[in-house]
Amino acid sequence: MTQLNYQDVFQANVTYATRVYEIIDRVRKYAPDADFDLIKRAYVFAAQAHGPQKRKSGELFIIHPLAVAGLLAEMQLDVETVITGLLHDTVEDTDVSLADIEHHFGASVANLVDGVTKLSHAGIESKQTKEAENLRKIILAISKDIRVLFVKLADRLHNMSTLGSLPLHRAKLKADECLTIYAPLANRLGLYWIKQALQDLSFFTHDRETFCTLKRLRDEAIAALKYTPTEMADIMQSILEKRGLKAHVTWRAKHVFSLHQKIQAKNLTFDQVHDVLAFRIVVVGRAACYQALGLIHELYQNKIGHIKDYIGTPKSNGYQSLHTSVYDHDGCLLEVQIRSEEMNHRAENGLAAHWLYKESPNKTNDQSMDWLRNLADLSREPSSPKEFLESVQLDLFIQEVFVFSRDGELFSLPRNATALDFAYAVHTDIGHQCMGVRINRKNAPLSQRLRNGDRIEIITNPEQGPSYSWLKLVKTPRARHRIRQFFKKQNQQDSIALGHRMILNISHAPLPDNISTALGCSSMDQLKIKLGRGEISLDQLYSAVCKHLHPLNVSGLKQRMLYPASCCHPVPGDTIVGKIVTNRGFELHYYRCKQVLAQSSESWQGFEWEGETAELYTTGIELTTQNKRGMLATLSNAMSKQDADIEDLRMQQLSGGITHLLFFVDVKGRDHLADIIRVLRNIDGVNTVKRDNHGDVQTRKKMKPIHHVIESVMEMTKKTN
Ligand code: MN
C-alpha cells in the first residue's frame with residue numbers, strides 16, 4: 001500500500017525537463033525572440049561547473065538545475081530567470097564565483113544567483129526560531145527581487161519531489177520547512193499549483209500511510225462515479241460550445257493535503273468528504289464567465305450559498321475566478337471554477353504572470369497590479385511589466401528588518417532600527433550597558449541602521465549607562481522608553497537621596513507625615529523628591545516644620561543645615577534660638593546675642609539641644625591678664641589639661657600692663673566650658689575670665705589674629721624679662 005514514491009505524489013501538471021532543448025522549446029512558445037544561445041551557454045557553464053558531481057540519488061547533479069530551469073520556463077518567466085535556474089547552485093556547490101557569473105551572464109543574473117544562495121543560508125540560520133511568519137518575511141526581505149523567490153520555489157519543488165534519497169529525519173525537516181515557509185509563500189505569490197505540490201510532498205514525507213490511504217479513498221470515490229471525470233468535462237464543454245461559448249474544461253482530483261486538512265478541521269471521516277473533484281472552465285473574456293456560470297447551473301443543481309465571485313471582488317493577491325459547487329446527477333459534489341484565459345494564467349502563475357501579460361489598457365481594472373503597487377509603495381509608473389517586476393523590491397513589502405544575534409537568534413525590528421535599538425530589543429540591561437557594536441564581525445557605530453540578515457554582537461560594560469544623546473540614536477519606541485525610564489529613575493533616586501539629606505539636617509527623628517501633607521505631598525518620598533528637585537524650598541520646609549515641631553531638637557550640628565553663629569558661638573546647654581539663612585539653613589544663636597536682641601522675636605525659632613554628643617563646638621573665652629612671663633604657656637597648658645583644644649587666639653595690648661586675650665576653644669558643652677573657665681580664673685595673674693557670647697563683634701575686630709599674637713608674646717616675654 002505504501003509503494004507510492006515521490007514521483008507518484010507529485011501531481012502537478014508539468015514534467016521535469018532533462019535536456020536543455022526541452023527548456024528552449026518551452027521558452028520559444030512565449031518568447032520567440034529570446035536569446036536561446038545564452039540559455040545553451042548557461043547550461044554548458046553549469047554542466048562544466050558541476051562536472052561529475054552526483055546527487056544523493058546517484059544521478060548527475062546537472063539534472064537538478066535542468067529541472068528547475070524547466071519549471072521556470074513552464075511558468076513563462078524571462079530568460080534571465082530561466083538562466084538563473086540553470087546556474088543557481090554553482091556558487092554554493094562549485095568553485096564558480098559570483099564574479100565569474102557576472103562576467104559571463106551579466107550583473108542581473110549574478111544578483112539573482114546571489115539572492116538564491118543567500119536565501120539558502122537564511123533557511124539554515126533560521127532553524128533556531130519557530131516563528132514561521134517571521135521566516136516567510138525574512139525570505140521576502142532577503143530576496144529583494146521577486147524572481148529570486150520563483151527560482152527558490154522551483155528549486156524547492158524539485159528537491160521535494162526527489163526527497164526519497166534523503167534519510168527520513170532530514171526529509172522531514174525539509175517537509176516542515178515547506179509546510180511552514182514555502183507553501184504559504186507560494187500561496188501568497190498566487191502560485192497555487194506549487195503550493196499544492198509542496199503540501200502533498202510534505203504530507204507524504206511526514207505520514208506516508210495516511211497520505212496513501214486518503215489518496216486511495218479519493219481515487220476509489222472518483223472511480224465509483226457514473227461518469228469518469230473526463231466524460232463529465234466533455235459534457236460540460238459540449239453544453240457550453242452548443243451555446244456558442246468557446247471553452248476549455250479540465251479537471252483534477254482535489255489534492256490529498258487539502259482533503260486531509262478538511263477532515264482534520266471539521267472532524268470528518270473520508271465518507272463525509274464529497275468534493276473530491278474540481279473542474280476548471282476557461283472561456284474567452286469576462287462576460288463569458290458569467291454566461292458559463294449560468295449554463296453550468298442549468299446543467300447541474302448548485303449548492304445554495306456556494307457561489308463566489310472573485311471576478312467582481314478579486315482576492316487580495318489579485319486572484320480572479322467564479323467558484324461554484326454543484327451536484328452531479330449521482331449527487332456527487334463538484335467544485336467548478338470559471339475564468340478567462342488571462343485570469344487563468346494569473347491564477348496559475350500568480351505574480352509570475354505579470355511577466356508575460358502586458359498591462360491591460362484599462363489599468364484601473366488590474367487589481368493585482370494595484371495590490372502589488374500598494375504593497376511595494378511604488379512612486380513611479382514602470383514602463384513595462386518587466387521593469388515593473390524588477391522595481392518591486394520585495395523588502396519594501398516588509399515593515400520590519402530581520403537580523404541575527406551573535407548566537408544566531410532571529411530578531412525582527414522596525415525598518416529604521418539602529419544597532420542600539422537591537423541592543424534594547426535583546427534586553428534592557430544589554431541596552432543600558434551597550435558600549436560598542438560589531439555588525440557582521442566589523443565594528444560599527446551604535447547609530448548604524450540595521451540591514452536584513454545582519455549579524456550583530458553587542459559589547460557591554462556593566463559600568464556603562466545610557467546617555468541623553470542616545471535618545472537621538474534609537475528609533476524604536478521601546479528603546480526610547482527604556483532610556484527615558486532610566487533617567488527618570490536615576491533622577492528620582494538622586495532627588496530622594498538629596499531630599500532625605502535635607503530632612504536629616506533638620507531632624508534625626510523621622511518627620512511626622514503631616515509635614516508632607518502640609519506641603520502638598522502625598523508621601524514622604526514625594527516630599528523628598530520635591531525637595532531634591534527644588535520644587536519645595538528649604539524655607540518652606542523649615543516653616544512647615546516649625547509649625548508642627550516646637551521646639552526643634554538639635555542633635556549635633558554636623559549637618560550643614562544647622563550651624564552655630566560665629567558671633568556668639570553657642571554650645572550645647574546654652575539657650576538658643578535659630579533663624580533661617582537662605583541657602584544655608586538655620587543659624588543658631590545664644591539667646592542673649594546682640595543679633596537676637598536686635599531683631600523681632602517672630603524671626604526666631606526655638607531650638608533645644610538633645611543632650612551632649614561626642615561633637616565639639618568652638619566657643620570664645622575672653623580674658624584679661626597681667627603681662628607676665630609664661631602667661632600664654634600657662635593658659636594654654638591649663639586648657640589642654642581640660643581637654644580643650646585652642647582653635648584660634650587673638651590678643652590686644654591694653655594700657656597698664658594688661659593684656660586682653662580671646663581664645664577660641666573646642667568644648668563639649670556648657671559644663672565643660674564652665675570647668676575651663678573655673679580653672680582659668682584660679683591662675684595667678686588672670687584678672688577676668690568670661691565667655692565671648694554676646695555677639696560683640698566690634699571688640700573682636702580690634703584684636704590681632706594669631707600670627708600677630710606670636711610676635712606679641714615674644715615682646716611680652718622680652719619686656720617682662
Ligand atoms: Mn538547487
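## The model as a whole

Because the model is predicted, local features need pLDDT of at least 70 and side-chain atom pairs count only at pLDDT 80 or more, while totals for chains, interfaces and linings use all residues. Residues are numbered from 1 along each chain as its sequence is written, and side-chain values use heavy atoms, with hydrogens and water left out.

The protein has 30 helices and 20 strands, where helices (H or I, at least four residues) and strands (E, at least two) are DSSP runs numbered from the N terminus. Of its 721 residues, 50% are buried; a residue is called buried when its relative accessible area is under 20%, exposed when that area is over 50%, and partly exposed in between, using a 1.4 Å probe and protein chains only. A contact means heavy atoms within 4.5 Å, and among the contacts with a separation of 6 or more, 66% are between residues 24 or more positions apart.

Strands of a sheet pair through backbone hydrogen bonds, either parallel or antiparallel. In this model, four strands form an open sheet with the order β18-β19-β17-β20 and antiparallel pairing, where two strands pair if DSSP finds at least two bridges between them. At the edges lie β18 (645-654) and β20 (686-691), each of which pairs on one side only, and from one strand to the next the twist averages 20 degrees. Strand β17 (residues 617-626) is joined to β20 by five bridges, and within this antiparallel pairing T625 has V686 in β20 as its bridge partner.

Helix α27 (residues 631-641) touches β17, β18, β19 (658-667) and β20, and its direction makes about 20 degrees with that of β19. Helix α28 (residues 670-681) touches β17, β19 and β20, and its direction makes about 170 degrees with that of β20.

## Strand β5 and its partners

Five of the six residues of strand β5 (residues 322-327) are buried, so this strand is largely enclosed by the rest of the structure. Strand β3 (residues 301-302) is joined to β5 by two bridges and runs antiparallel to it, with Q301 and Y327 as bridge partners. Strand β4 (residues 308-309) is also antiparallel to β5 and joined to it by two bridges, and here K308 stands opposite H323.

Six bridges join β5 to strand β6 (residues 333-340), again in an antiparallel arrangement, and V326 stands opposite L334 in β6. The hairpin of β5 and β6 has five residues between the strands, and in this hairpin G331 takes a positive phi near 85 degrees.

## Aromatic rings

A pair of aromatic rings is described by the distance of the centres and the angle of the planes. The structure holds seven aromatic pairs, counted when rings of Phe, Tyr and Trp (its six-membered ring) have centres within 6.5 Å; planes under 30 degrees apart count as stacked, over 60 as edge-to-face and the rest as tilted. Y468 and F487 form a stacked pair, 3.9 Å centre to centre with 10 degrees between the planes. This pair links distant parts of the chain, since Y468 is in the loop between β11 (455-460) and α21 (470-473) whereas F487 is in helix α22 (residues 477-504), 19 residues apart. Y468 is exposed, with a relative accessible area of 52%, whereas F487 is buried at 8%.

Y590 and Y591 form an edge-to-face pair, 5.4 Å centre to centre with 75 degrees between the planes; Y590 is buried at 10% relative accessibility, and Y591 is partly exposed at 37%. R592 lies over the face of Y591, at 5.8 Å from the ring centre, where a charge sits over a ring if NZ of Lys or CZ of Arg is within 6 Å of the ring centre and within 35 degrees of the ring normal. The charged end of R28 likewise sits over the ring of F36, 4.7 Å from its centre.

## Cysteines

A disulfide is a covalent bond between the sulfur atoms of two cysteines. With a cut-off that requires the two cysteine sulfur atoms to be within 2.5 Å, a search of the whole structure finds zero disulfides. The sulfur of C593 has its closest cysteine sulfur in C567, at 3.6 Å, which is too far for a bond, and C593 is buried with a relative accessible area of 0%.

Key: Axes are lines fitted to C-alpha atoms, for helices over the stretch in contact, and angles run from 0 to 180 degrees between N-to-C directions.
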